[in-house]
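Me: I am new to this structure and would like to learn how to read its features one at a time. Could you take me through them, giving the general idea before each case?

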Amino acid sequence: MLFRELAEYFQRLEQTTSRLEMADILKELVERAGVDEVDKVVYLTLGELLPAFRGVEFGVSEKLMMEAISKACGVRAKEVESLYKDKGDLGETAHYLVKWQGRGLSLSQVYDELLGIAKTRGTLDKVMKLISLLKGLSGFEAKYAVRVVIGRLRLGVGDATLIDALALSMGDKALKPLIERAYNLCSDLGLVARRLKEGGVGALEEFKVQVGYPIRMALAERVVSAEEIVKRLGRCGVEAKYDGFRLQVHKDGQRVEIYSRNLERMTEMFPDVVRGVLKDVKVSRVILEGEALTMNEETGEFYPFQVTIQRKRKYGVEEYSQEYPIKLFCFDLLYIDGEDFTLKPFIERRKKLEELLSGTNTLNVSEMFVTDSVKEIEAFFEDAITRGLEGIMAKRLDAPYNAGARNFNWIKLKRSYRGALADTIDVVVVGYYYGKGARVKLGIGGLLVAVYEPSTDTFKTVSKVGSGFTEEEWIRLRDMLDQIRLDHRHPRVDSLLEVDVWVEPRYVITVNADEITRSPLHTAGRTSEEPGYALRFPRAVSFVREDKRPEDANTVEEVLRLYQLQRKISVE
Ligand code: AMP
């Protein structure tokens, strides 16, 4: 197939506004393409060179493209720029300026040249290759090639339309689910088209999960109560819902690749996960899924999502990962040594996952238990929220992994709230923890803090606080606390938690938090039947408040009021 023919199809696609007509044109196009061409046709039609998970990008800016057009056409850069301003499209600009006929290149030849440009590192080399590409194309062909290179093809063709077209090309609309299934298992529509062309329907029926091809991720439906979970699923697996980054990890021998929820390649962002997988996973080929989070090693609490996302940077990932180590909580196993696990029931996949990761230390399995008790689910939910988690996930025990689908086989229960608490809270420091990780050198990593209960004149714990101070402040604080250290818990402090150093309840600090939650770990507001209250994501906003006595800290009752207030404004 000639590149000119493809460009003609692109022109027709550009001119239609009807999705049905679009599917018809695409059907014709995939029929016209040869077995070795159809994948390339699919990628280019989507405006790509390869599926996104391959992480191949052109890296050609408009400016660079203008330079190439200017040099290829022997026109001054200023002129190219003003033409571009005029036409608003570099494809049209190239079409106007390229006066030669072109060499009648085949689709595959042009595709290879495009791939060569993407793989070239240096700017100068890229420009040379762009010039050589332009020299081989006619103005009409250049228009589309230029748009592909700068990411502006925009034919409006989506995956779904292409899938329709593939089904049409087989003369059977009923094939759509089969094509979708194959796509969900490999996220590569070019590959699906090629297999279909090569081996017909049979090839798709036999389509299997492959390491190195991300499986489109299963998604969850939401409910607003634990009752609803039990009503829908009965006995089910209940897990902590971690608020991090969903990762699909593929291990193939010594090679590990990591994909994000939207199937982008993220391997470089998680060098520590790669090392962990190589060290801990003892089988040679595996695909597993989990949620990656950064954890405060001092308090055992998770950092908010914003801290994890910071890794999405070009430089300093290694340093960042030292400071904020990642924990990967694995929750599903999709493939292991040649065996496709996606069709097996959840509980079986889970058992295998636990077996695989038992005794490992960098990879964890998500917390999970099996129940049909609403009360147990509620208690777990409250506890999860307190520990800085997002909520819980419930999973149908006998469900397969629903690649690319959202349904009630997975259910999420989240607490929603409007940003931070309406107010800051004054709390009393009752003890501290020695630092772990980066904080060892400071000798202090977190505080146990409490609020005041006037009726019994005691201090009831409400949170651990591990952030908000500078290094200097931590050191100063440790010195101050060491002056009032005790070798046992102060009698006026009511706590279920242990600390490394107990102190006299003397110093008040002001903290901010995202939310107040119920918690079985803290004593503020706790009764024999009811759990206590706790702060979620607390951070100090002041150093020691010299102006406040411990009894001036907020009271348990005030915390309760804040909790009720936040329930009222809760949006869900
Ligand atoms: P949402 O993003 O609110 O639709 O919730 C679904 C997301 O929760 C998934 O895409 C995962 O990234 C995340 N998640 C956290 N913990 C779990 C878990 N234990 N099982 C499944 N998904 C989880």
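The dialogue below goes from the whole chain to a sheet, some helix pairs and a few single residues.

Me: What kind of model is this, and how are its residues numbered?

Reply: This is a predicted model, in which local features need pLDDT of at least 70 and side-chain atom pairs count only at pLDDT 80 or more, while totals for chains, interfaces and linings use all residues. Residues are numbered from 1 along each chain as its sequence is written, and side-chain values use heavy atoms, with hydrogens and water left out.

Me: How many helices and strands does the chain have?

Reply: Helices (H or I, at least four residues) and strands (E, at least two) are DSSP runs, numbered from the N terminus. In this chain they come to 20 helices and 21 strands, and the C-alpha atoms fill a box of roughly 90 × 55 × 45 Å along the principal axes.

Me: What share of the residues is buried?

Reply: Buried means under 20% relative accessible area, exposed means over 50%, and partly exposed is in between (1.4 Å probe, protein chains only). Of the 572 residues in the chain, 55% are buried. As for contacts (heavy atoms within 4.5 Å), residues 24 or more positions apart account for 71% of those with a separation of 6 or more.

Me: In what order do the strands of the open sheet lie?

Reply: Strands of a sheet pair through backbone hydrogen bonds, either parallel or antiparallel. Two strands are taken to pair if DSSP finds at least two bridges between them. Here five strands form an open sheet in the order 1-11-10-2-9, with mixed pairing, and its edge strands, each pairing on one side only, are strand 1 (219-222) and strand 9 (368-371). Strand 1 and strand 11 (residues 406-414) run parallel and are joined by four bridges; the bridge partner of Ala-220 in strand 11 is Asn-407.

Me: Which helix packs on the sheet?

Reply: Helix 18 (residues 374-386) packs there, touching strand 2 (236-241), strand 9, strand 10 (391-396) and strand 11, and its direction makes about 140° with that of strand 10. Such angles run from 0 to 180 degrees between N-to-C directions, and the axes are lines fitted to C-alpha atoms, for helices over the stretch in contact.

Me: At what angle do helix 2 and helix 10 cross?

Reply: Angles under 35 degrees count as roughly parallel, over 145 as roughly antiparallel, 65 to 115 as roughly perpendicular and the rest as oblique. The axes of helix 2 (residues 19-32) and helix 10 (residues 159-169) come within 8 Å and cross at roughly 60°, and the two helices are therefore oblique to each other. In their contact, the residues divide into nine nonpolar, two polar and five charged, where Ala, Val, Leu, Ile, Met, Phe, Trp, Tyr, Cys and Pro count as nonpolar, Asp, Glu, Lys and Arg as charged, and the others, Gly among them, as polar.

Me: What covers the buried residues of helix 10?

Reply: The cover includes helix 2, helix 3 (38-45), helix 11 and helix 12, and the buried residues of helix 10 include Asp-164 and Leu-166. Helix 10 is followed by Gly-171, whose phi is positive, near 70°.

Me: How do helix 11 and helix 12 meet?

Reply: The axes of helix 11 (residues 176-186) and helix 12 (residues 189-205) come within 10 Å and cross at roughly 130°, which makes helix 11 oblique to helix 12. By class, their contact has eleven nonpolar, no polar and two charged residues.

Me: Where does Ser-187 lie, and is Ser-187 buried or exposed?

Reply: Most residues other than glycine have a negative phi. Ser-187, in the loop between helix 11 and helix 12, has a positive phi near 60°, and at 8% relative accessibility Ser-187 counts as buried. Asp-337 also has a positive phi, near 35°; Asp-337 lies in the loop between strand 6 (326-336) and strand 7 (339-340) and is partly exposed, with a relative accessible area of 40%.

Me: Which residues is Ser-467 in contact with?

Reply: Leaving aside neighbours within four places in sequence, Ser-467 is in contact with Trp-474, Pro-538, Arg-539 and Ala-540. Ser-467 lies in the loop between strand 14 (458-465) and helix 19 (471-483), and at 23% relative accessibility counts as partly exposed.
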